[in-house]
Amino acid sequence: MSNDRSNIPQADTLMGSMRHMGYSFESAIADVIDNSISAHCTTVKLLFPTGPTQEMVVGILDDGEGMDGDVLFEAMRYGSSDSEQEREESDLGRFGLGMKSASLSQCRIMTVVSLKNKKLNAFVWDFNYIQEKKKWIVKELTLDEIRVLPYIDMLKGFEHGTLVLWQDFDVLSKSNGGLVYDALCDKRDSVATNVSLIFHNFLSVRGKEQIKMYVNKSKIKPLDPFLESHPKTTTKKERSIAILDSKGRERQIWVKPYVLPFATDLNDEHKRLIGGIETLRIKQGFYVYRNKRLIIWGTWFGMKPRSELTKNARVRVDIPNTLDDIWSIDIKKQTATIPKQIQRQLRQTVEDAMGISVKKQTHRGRRENVDDIDYIWDRMEGRGNAIYYQINRDNKVFQMIKEKMSEEDFTLLEMLIKEIEQNIPTQQIYIDKSNDVIKEDESDARIDEVLQLGVYMVNVAKSFGQRSVRDIITELLKTEPFCKYKSIEEKLIDNYKDEIE
């Protein structure tokens, strides 16, 4: 018969290994904030040193419910909760490892102070001490030791709450040549951006459910990855998909597709809300939320590749924490996998969103020949479905120029046009378009230039004497470049008002 033997992991070895789980500084901060939200806080303050002469300590402070000594001691335990147990809907934790593993991935000393019933309790995980003692020893601080902790007066200003302190930033020190303060200044800004996206639902909601978050004294403004308030954002009806959890109970996930407006339709505030237009392409895809907290974004989960034409497509997916194991959500809450039983249904949603984005983009640029616009460029299909572009020789502007040229001159023009068609800098155009740095010239000078060309073409058409001026202008406005400048219609009509009347 087998014997049971205790085999406790070596404290310094296991803790050291868990410090390399792959947390980024930003994701580690977010993991600690999850605990604050689970404690029903209304305020979170992220505290960074404000000068190089200060002690290098980062604090995550909240006004949540707080913990008494026994509860806090248990919370400091590695694996303090069962990942498969039933949890409150507001609970953003799972494994009972987040606060510890996230914090100690960035620093060697983590202190947690909690205020409840007007009493302060504090415990410390000190990796330096663990390496020395080689035991799972957590330090309990005395009141005198608590009173001198950084940021402690801010915690005392609350009726209840918790303060998590990070000290001894060995990871940042090694990667930044010992310049910890400079590194923390950089992290302070990137943390604010990350928090404004991950927790935007909590920051933007109105009323009692709103949570205010700060980096030092600066209030964090929420981002809006879907620009729901923009009139030109395309949305599809939200729908639910039923799925069984690991215990056989039916749960619902909610899915809603969005297609963002074009960059030229966005003002500075809109661009801020989506985190900048330069990252649109890498931010397309699914946005998976777990209890309103953004888990993963910017991926199609292998269903479709990213492309320039689909960069404005987004699909929001909301799941409850009861489906963590079904979605394979990891400890860091940075990865997930779509359950196979709903992949087919989500694939159709992806295709719908991508289709709208592609249609918008192609409609914005060179359309297929499905309308009566007289374009300058033709999109052609060659052998093997290869696409190429050539000047539309039937375009009215082209025909007008041709009629005014001698045969010899037109032969030279045709030679030049063919070389232009063969040497279109598609790669550079793609790069510039991806970065939204291609300017569509709508200056007064350009409008005047198009107007003068319009007047010239109207006069040429008049010389044939077959149509009215009104009909000539109407036809002209179906031709590039005139169809792009609707403002010249009124000016053309005004220019020929005597003849039209």
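Start by selecting Gln 106, which counts as buried because its relative accessibility is 5% (buried means under 20% relative accessible area, exposed over 50%, and partly exposed in between, with a 1.4 Å probe and protein chains only). You are looking at a predicted model, where local features need pLDDT of at least 70 and side-chain atom pairs count only at pLDDT 80 or more, while totals for chains, interfaces and linings use all residues. Residues are numbered from 1 along each chain as its sequence is written, and side-chain values use heavy atoms, with hydrogens and water left out.

Gln 106 sits in the loop between α4 (98-104) and β3 (109-116); helices (H or I, at least four residues) and strands (E, at least two) are DSSP runs, numbered from the N terminus. What is Gln 106 in contact with, leaving aside its neighbours within four places in sequence? Show Arg 19, Tyr 23, Ser 24, Phe 25, Ala 28, Trp 166, Phe 169, Asp 170 and Val 171, where contact means heavy atoms within 4.5 Å.

Next, centre on Met 213. Not counting residues up to four places away in sequence, Met 213 touches a set including Ile 33, Ile 37, Val 44, Val 195 and Phe 199.

Asn 291 has a phi near 55°, a positive value in a residue other than glycine. Lys 292 lies in the loop between β12 and β13 too, and its phi, near 75°, is also positive. Buried or partly exposed: which is Asn 291, and which is Lys 292? Asn 291 counts as buried because its relative accessibility is 15%, whereas Lys 292, at 35%, counts as partly exposed.

Finish at Trp 136, in the loop between α5 (127-133) and β5 (139-140). Its relative accessible area is 31%, so Trp 136 is partly exposed.
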